[in-house]
Amino acid sequence: MTKFFRRSACLVAAIFVLLLFTPALSAAEMNGVMMRDGKMMLMKHGKAAMPMDTDVTMTNGTVVSSDGTIKLKGGREFRMHNGQMMMMDGHLMKGGNATGMQPQSNPIGRPALYP
């Protein structure tokens, strides 16, 4: 039993060390689109470059419209909220942190991504 706990502790420590050295996205790598003050903006090198006036297709097939509607490759749609950013590879970010795209229920009873 002690060997199990020792090995588990070593595994947890190794994962923790790996996470410490995993590089976070730098501003230079942050290209995508962002909802800012109710308007969609194109982001270049982590800064708002210009307002979005046409749909943008991400590398994973997700389409982001200029009104903030996201259409996933599987057909599901939802809208972006202020502060959310979608990277060009299709990862959705909120406040600089990646967020999942699994539906959660909201108080109204409709599926929503972000309560």
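**Exercise 1.** In which order do the 4 strands of the open sheet stand, and is their pairing parallel or antiparallel?

*Solution.* This is a predicted model, in which local features need pLDDT of at least 70, side-chain atom pairs count only at pLDDT 80 or more, and totals for chains, interfaces and linings use all residues. Residues are numbered from 1 along each chain as its sequence is written, and side-chain values use heavy atoms, with hydrogens and water left out.

Step 1. Strands (E, at least two residues) and helices (H or I, at least four) are DSSP runs, numbered from the N terminus. Two strands pair if DSSP finds at least two bridges between them.
Step 2. The order is E4-E5-E6-E7, and the pairing is antiparallel.
Step 3. Strand E4 (56-57) and strand E7 (77-79) each have a single partner strand, so one side of each has no neighbour in the sheet.
Step 4. Strand E5 (residues 63-64) pairs with strand E6 (residues 69-71) over 2 bridges. Val64 stands opposite Ile70 of E6.

**Exercise 2.** Find the salt bridge and place its two residues in the chain.

*Solution.* Step 1. A salt bridge is a side-chain nitrogen of Lys or Arg within 4 Å of a carboxyl oxygen of Asp or Glu. By this rule the count is 1.
Step 2. The partners are Arg79 and Asp67, at 3.6 Å from N to O.
Step 3. Arg79 belongs to strand E7 and Asp67 to the loop between E5 and E6, so the pair links distant parts of the chain, 12 residues apart.
Step 4. Relative accessible area is sorted as buried (under 20%), exposed (over 50%) or partly exposed (in between), with a 1.4 Å probe and protein chains only. Arg79 is partly exposed at 45%, and Asp67 is partly exposed at 39%.

**Exercise 3.** Describe the strands that pair with E8, and the side chains of E8.

*Solution.* Step 1. E1 and E8 pair in the antiparallel sense over 3 bridges, with Met34 facing Met85 as bridge partner.
Step 2. Strand E9 (residues 92-94) is also antiparallel to E8, joined by 3 bridges; here Met86 has Leu92 as its bridge partner.
Step 3. In a regular strand the side chains alternate between the two faces of the sheet. In strand E8 (residues 84-87), Gln84 and Met86 point one way, Met85 and Met87 the other way, and all are buried.
Step 4. The hairpin of E8 and E9 has 4 residues between the strands, and Gly90 in this hairpin takes a positive phi near 100 degrees.

**Exercise 4.** Where is Asp37 placed, and is Asp37 buried or exposed?

*Solution.* Step 1. Asp37 lies in the loop between strand E1 (32-36) and strand E2 (39-44).
Step 2. Asp37 is exposed, with a relative accessible area of 69%.
Step 3. Most residues other than glycine have a negative phi. Asp37 is not a glycine, yet has a positive phi of about 55 degrees.

**Exercise 5.** Identify the aromatic pair and give its geometry.

*Solution.* Step 1. Rings of Phe, Tyr and Trp (its six-membered ring) pair if their centres lie within 6.5 Å; planes under 30 degrees apart count as stacked, over 60 as edge-to-face and the rest as tilted.
Step 2. The whole structure holds 1 aromatic pair. Phe4 and Phe5 form this edge-to-face pair, 5.6 Å centre to centre with 65 degrees between the planes.
Step 3. Phe4 sits in helix H1 (residues 2-21). Both Phe4 and Phe5 are exposed, Phe4 at 53% relative accessibility.
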